[in-house]
Amino acid sequence: MTTSPRAAATTARLVRPARLVRPARLVRPARLVRPARLARLAGLALLLPVAACSGSVSVGSSTPEIDQAALEEDVLGSISGEGAEQVEVTCEGPLVAEVGATQDCAAVFTGDGSRTGIRPTVTAVEGEAVDYDSVIFIDGPSVADTIGRQLRAQAIRFGSVECGELPGEPDATGECTLVARDGTETPLTITVTEVNGLRIGFEYAEA
């Protein structure tokens, strides 16, 4: 009896090409998805009028201005309440005795170095008496410093934060720019959420 040759029992194994390794995934810069609330900026629980404080200073007839030391003393005297003894006031210069003239001062809390800007504006000049009202604000560098600390606390990497002045009025808005390490800029909108004495709270989000 004849038999047919047996079929080959095995086939040549196909060698698969080496697996392509996927390129490393690019990590996108952290995105601010929702506003991060800053519950505290100045950190002062003082009884300064919310919108403004006022003052009246007498100046010598030969000196048509409130000198810096007198202005600092008068502004400091308008601050009262718990913690007032830990506040120091510095002004950038004298206040000219002309209606509409302004000067920038800062209330600095010696406990942690936090600060709130105070801007007196002359409202009346009668003889040697100078009356003024003041509004509060946060200077740009202080806004940027606070946002920077918040971002670092969230482990968000960035290059710098640049901000303009923020008025100390409820619902007031301001602008900042978040600069990434590669130079990419992200605009931020700042919104005041709370004004309590010298304490100004705000939120920030991508514009």
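## Pairing pattern

Number the bonded cysteines of the protein in sequence order, and the pairing reads 1-2, 3-4. The model is predicted. It holds two disulfides.

## The link of Cys91 and Cys105

The link of Cys91 and Cys105 is right-handed, with 100° about the S-S bond. Are its two ends buried or exposed? Buried means under 20% relative accessible area. Cys91 has 7% relative accessibility, so Cys91 counts as buried. Cys105 has 4%, so Cys105 counts as buried too.

## The link of Cys163 and Cys176

Cys163 and Cys176 form a disulfide, and their sulfur atoms are 2.0 Å apart. Cys163 sits in strand 9 (residues 160–163) and Cys176 in strand 11 (residues 173–179), so this pair ties together parts 13 residues apart in sequence.

The torsion about the S-S bond of Cys163 and Cys176 is about 115°, so this disulfide is right-handed. Both Cys163 and Cys176 are buried.

## The core around Val161

The largest nonpolar core has 40 residues. Which of them touch the most other members? They are Ile147 and Val161.

Leave out residues up to four places away in sequence, and Val161 touches Ala144, Ile147, Gly148, Leu151, Cys176, Thr177 and Leu178. Cys176 on that list is also a partner in the disulfide with Cys163.

Notes: Residues are numbered from 1 along each chain as its sequence is written. This is a predicted model: local features need pLDDT of at least 70, side-chain atom pairs count only at pLDDT 80 or more; totals for chains, interfaces and linings use all residues. Side-chain values use heavy atoms; hydrogens and water are left out. A nonpolar core is a set of buried Ala, Val, Leu, Ile, Met, Phe, Trp, Tyr and Cys residues joined through side-chain atoms within 4.5 Å. Buried means under 20% relative accessible area, exposed over 50%, partly exposed in between (1.4 Å probe, protein chains only). Contact means heavy atoms within 4.5 Å. A disulfide is a pair of cysteine sulfur atoms within 2.5 Å. Helices (H or I, at least four residues) and strands (E, at least two) are DSSP runs, numbered from the N terminus.
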